[in-house]
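Colleague: Please show me the structure, and then let us discuss it step by step.

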Amino acid sequence: MLDPSRIREIADELFAADRDRTTVPLLTARNPGMGVADAYAVQAEWARRRQGAGARLVGRKIGLTSKVMQVATGITEPDYGVIFDDMVVESGSTIEFDRFSNVRIEVELAFVLGAPLDGPHTTIFDVLRATEYVVPALEVLNSHIALEGRTIVDTISDNAAMGAMVVGGRPVKVDDVDLRWVGALLSRNETIEESGVAGAVLGHPAMGVAWLANKLAQHGQSLGAGEIVLAGSFTRPMWVERGDTVHADYRDLGSISCRFA
């Protein structure tokens with residue numbers, strides 16, 4: 001493990017990068033031997049700073065759960081981050097582009113929990129029982145660390161690159177549809193850029209939530225009733241520039257749109 005004082009220094013660096021909309025050099029290149037446990041310690045320290053500044057924890061995000069995302073990033077295991085209240089945006093919103101250091105969009109499903117989930121032996125059936133409803137969501141990725149050469153350690157430290165989430169469409173109960181076959185078409189400026197189905201997330205998007213509950217248990221944490229869980233992307237990340245309009249069509253589950261200005 002890194003020295004606790006170094007973990008605090010890195011958290012301060014990332015907190016400042018978030019505030020100033022900048023990026024910092026690779027953490028792993030500057031901290032030889034830094035591991036996954038160090039990265040989650042940095043993330044937790046950064047989250048405490050956000051909460052100290054008034055942000056409220058409302059959920060968690062899971063990243064790198066699909067093969068397409070692992071290939072796109074060169075990272076071969078899932079990770080997770082936290083979601084704060086000021087990261088949640090309604091469909092149809094105009095989002096300030098300068099709020100982020102960089103912007104990429106992913107297509108996901110969000111699970112809203114009606115009951116808590118405690119690992120370490122959470123199964124897909126536990127997740128389905130605990131879920132109040134599932135709703136379409138877009139994740140806005142925002143990296144505060146140089147993208148080239150990143151490892152999972154860099155990504156985890158940076159709150160798994162969580163910038164914001166856009167929620168919309170039609171909420172559904174888990175037994176109303178076959179969640180594996182929920183598909184979406186992702187468009188930028190009326191041109192389809194990406195498409196996919198939710199089964200690309202570990203075979204079933206609820207598997208990502210089970211993974212998260214079990215992973216959190218290793219850190220003495222759990223998922224609470226009312227929390228939002230972004231279950232992982234089933235498309236590659238799509239780059240977005242200022243002025244772009246983004247639209248995701250989930251067919252029977254409705255659509256989500258937003259504009260970056």
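Colleague: What is the accessible surface of the chain, and what share belongs to carbon and sulfur atoms?

Modeller: This is a predicted model, in which local features need pLDDT of at least 70, side-chain atom pairs count only at pLDDT 80 or more, and totals for chains, interfaces and linings use all residues. Residues are numbered from 1 along each chain as its sequence is written, and side-chain values use heavy atoms, with hydrogens and water left out. Areas come from the Shrake-Rupley method with a 1.4 Å probe, and for residues only the protein chains shown count as cover. The accessible surface is about 10,900 Å², and the share of carbon and sulfur atoms is 50%.

Colleague: What percentage of the 261 residues is buried?

Modeller: Buried means under 20% relative accessible area, exposed over 50%, and partly exposed in between (1.4 Å probe, protein chains only). Of the 261 residues in the chain, the buried ones make up 52%.

Colleague: How many residues of strand S2 are buried?

Modeller: Strands (E, at least two residues) are DSSP runs, numbered from the N terminus. S2 covers residues 79–84 and is mostly covered. Its buried residues number 6 of 6.

Colleague: In which sense do S1 and S2 pair, and over how many bridges?

Modeller: Two strands pair if DSSP finds at least two bridges between them. Strand S1 comprises residues 57–63. Its pairing with S2 is antiparallel, over 6 bridges.

Colleague: Which residue in S2 does Ile62 stand opposite?

Modeller: The pairing of S1, residues 57–63, with S2 is antiparallel. In S2, the residue opposite Ile62 is Tyr80.

Notes
Helix = DSSP H or I, 4+ residues; strand = E, 2+ residues; numbered from the N terminus.
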